[in-house]
Amino acid sequence: MGERVVVAMSGGVDSSVAAALLVEQGYEVIGVTMQIWPELAPEEEARRGGCCSLGAVEDARRGADLLGIPYYVLNLREVFAAEVVDYFVAEYAAGRTPNPCIACNRRVKFEPLLRKALELGAARLATGHYARLEYDPARGRHLLRRGVDRRKDQSYVLYCLRQDQLRRLLFPLGGYTKEEVRRMAAARGLPVAGKPESQEICFVEDDDHGRFVAERAPGAARPGPILDAAGRRLGTHRGLAFDTIGQRRGLGLAADRPLYVVEIDAARNALIVAPEEETRRAGMLVRDLNFIPFDRLEGEMAADVQIRYKAEPRPARIRPVGEDEVEVRFDAPQRSIAPGQAAVFYRGDLVIGGGVIDNVFDG
Amino acid sequence: MHRVYLDHAATTPVHPAVAEAMARCLAETYGNPSSIHGFGREAKKAVEAAREQVAALIGARPQEIVFTSGGTEADNLAVLGAARARRDRGNHVITSAVEHHAVLDACEHLAGREGFRVTVLPVDGAGRVDPDELRRALTPETVLVSVMLANNEVGTVQPIRELAAIAKAAGALFHTDAVQGAGQIPVDVDALGVDLLSLSAHKFYGPKGAGALYVRKGVRLQPLVHGGGQERRLRPGTPNVPGIAGLGVAAELARREMAERAAHVARLRERLLAGLLERVPDLAVNGHPEERLPGLLNVSVLGVEGESILLNLDLKGIAASSGSACAAGSTEPSHVLKAMGLAPAALHGALRFSLGRGNTDADVDRLLEVLPPIVERLRAMARGCGEPAGRA
């Protein structure tokens, strides 16, 4: 038998096919599912369909049984609660827009889960992410590229991977389209072929993140003023937990033209809104950096910068301005830059790196 | 692969004689014990024979045995049934911090939904309840005390005789969850002085889905389910005749072979412990050194996650445990070890080996061969050196 590989199985079609492909490639495959959410009452369990819920465990176990591989549920509840849920709530409460999937990858999936995989004697951890890994022997670096299926590409949530993690990972689906993956699932009789896509945030019910945050951080559910750029009060918001940068609807404003949230001022518990033509910003400062083809950015470089999971990358210049900080200046001003979200730098389909958006600037 | 089963505290393989009796019962004794015809009478006879066998195992009278679906139901019937039946006398229930969740959750339900006050007695570092703690906790309102006979995670045996006498003197009923003890160590309900006692067939080579509650004559319980007169109205429903027959045969065999089985597993346990102490550095033994089940060994491998060891053992075909498995099969830090005050490193590194009648010296040798390199490798990884080997 080949090298031992642990595959993270969520019960969904992607990770099931990833496991199947590895088995077919001759690896000795072990399936695992992360248990991340506290045990729930049965009625709540039934309502929730999150990627690592009990239902998901049952689906993943069925998939593993079908493939004839050992399967384990690993308890990562404590670390998930501390590193993902608490971070998510604290970021919203601070008026920022968190990305919990990146936090999960960075602090849970590719840290303790990877460690547990290695403890199981595996050489690598595999996941069903749509991204491609590549080794550059000339520079001795492991590289990350976008998945072949551009619409499903998940490299954005993987920018934070370090070399010591990348060399221990496998993304078997990076070279396939979602359609191909669905066909492969059907062809193999995997029981998950027709399942709906995972919800937006796996631990938030009905995608109602506002209510989720408000229940855990009541301060983020205090009504406050909605102001325009000149500081005039235009209305009242329900609480910062319910709002994000770029939002237009649901503000309850009666203005003659659409107004967008351009800033969340947690110190004043205020939302700042502006008409469409005033929402664009020249650039941003990005911190908490990780680079993949090299360790640090030495000088200015051109890159395509993506500021949300589903956003189009935009051409920009990035240059180091501090120890762990770069300035990103877009070739053309950008809308809806949300502090707290990740900015990921690309050159074509190659991931250069990324960081967390800290500050937005004009001019 | 030489597969080794060292998880008899979770469940045991069915004894061939038990399986045979059950198969015969399934094939031939299919009547409903409540029916008046010959088929029914035969089934009734099988159930009553089993009742005698179970009663004999614990020194009870047959009419004091109520068959249930297992230990969890027996515990629930005892705790909820006794508390509810005695609601007019008081609203206080006492239990211990190391009980099985069948008892703890039933008590929590009484506290959360039915207006009872529940006192949870602490335990010492070996997992034992201090009788003085019980004395202090008892009030005129106390209607029930529930303390387990032997702990399922560390094997510590409680001073039940003393605890039951204290409860009785204060006018409270005494229940003991003997799921992990009955069939393994001598149990006599009169000598112990308990009013209620739960047991489960699959912990002593009987089938899953069959258990019993001993209910001392004169003790009143409120049933959990309604719908017929079976089991003195305490457990209505057509009895699980093959399961009960299997429980009966398992009880009979356990009674007859108890000393022999205990000596066998005790010897293997000593060998296992000696081997581990010799080959695995930084190992702590959990539980009481003397007052314990003969075949159970709980140790903490310091500096390593018990879960990682277990999974590596499983990949080598060796079955052990790190405490109670939750519904989804992942491990949680044990409430028992926490109550015993173990330090975090000992808590996370806990492993339970529970031996049974089928284990051999070769099984122990196999574990002693496989475990030390796993621990070494995991410790090396935890120290940050030692590249993970491609093959474990």
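Predicted model: local features only at pLDDT ≥ 70, side-chain atom pairs only at ≥ 80, totals over all residues.
Chain A is divided into domain 1 (4-206), domain 2 (222-278) and domain 3 (281-361).

**Chain B overall**
- The radius of gyration of chain B is 22 Å, close to the 21 Å that the globule rule gives for 392 residues, so chain B is as compact as a globular protein of that length.
- Its C-alpha trace spans about 70 × 55 × 35 Å along the principal axes.
- Of the 392 residues in chain B, 51% are buried.
- Take the contacts in chain B with a separation of 6 or more: 74% of them are between residues 24 or more positions apart.

**Where the two domains of chain B meet**
- Domain 1 of chain B puts 22 residues into the contact, and domain 2 of chain B puts in 24.
- On the domain 1 side, the elements that give two or more residues are helix H8 (241-279), strand S10 (296-301) and helix H10 (335-339) of chain B.
- H10(B) gives the most to that side, with three residues.
- Sorted by class, the domain 1 side of this contact in chain B has 10 nonpolar, nine polar and three charged residues.

**Strand S8 of chain B**
- Strand S8 (residues 211-215) of chain B has five of its five residues buried, so it is largely enclosed by the rest of the structure.
- Both faces of S8(B) are covered, with B:Gly211, B:Leu213 and B:Val215 buried on one side and B:Ala212 and B:Tyr214 buried on the other.
- Strand S2 (residues 65-68) of chain B pairs with S8(B) in the antiparallel sense, over four bridges. In that setting, B:Phe67 sits opposite B:Ala212.
- Strand S7 (residues 196-200) of chain B also runs antiparallel to S8(B), and that pairing has five bridges. Here B:Leu196 has B:Val215 as its bridge partner in S8(B).

**B:Glu133, a residue to look up**
- You'll find B:Glu133 in helix H5 (residues 131-137) of chain B.
- B:Glu133 counts as partly exposed because it has 17 other C-beta atoms within 10 Å, and a residue needs 20 or more to be buried and 12 or fewer to be exposed.
- Setting aside neighbours within four places in sequence, B:Glu133 is in contact with B:Leu121 and B:Pro122.
- B:Leu378 is 245 residues away from B:Glu133 along the chain, and their C-alpha atoms are separated by 41 Å.

- Chain A has an open sheet of five strands in the order S3-S2-S1-S4-S7, with parallel pairing.
- Its edge strands are strand S3 (71-75) and strand S7 (169-170) of chain A, each of which pairs on one side only.
- Within chain A, strand S1 (residues 4-8) and strand S4 (residues 124-126) pair in the parallel sense over three bridges. For A:Val7, the bridge partner in S4(A) is A:Ala126.
- Four residues of domain 1 of chain A are in contact with seven residues of domain 2 of chain A.
- The domain 1 side of that contact in chain A has two nonpolar, two polar and no charged residues.

Key. Residues numbered from 1 in each chain as written. Chains lettered and ligands numbered in written order. Pairing = 2+ DSSP bridges. Nonpolar A, V, L, I, M, F, W, Y, C, P; charged D, E, K, R; others polar. Domains from an automatic or database assignment. Rg over C-alpha atoms; globule rule 2.2 N^0.38 Å.
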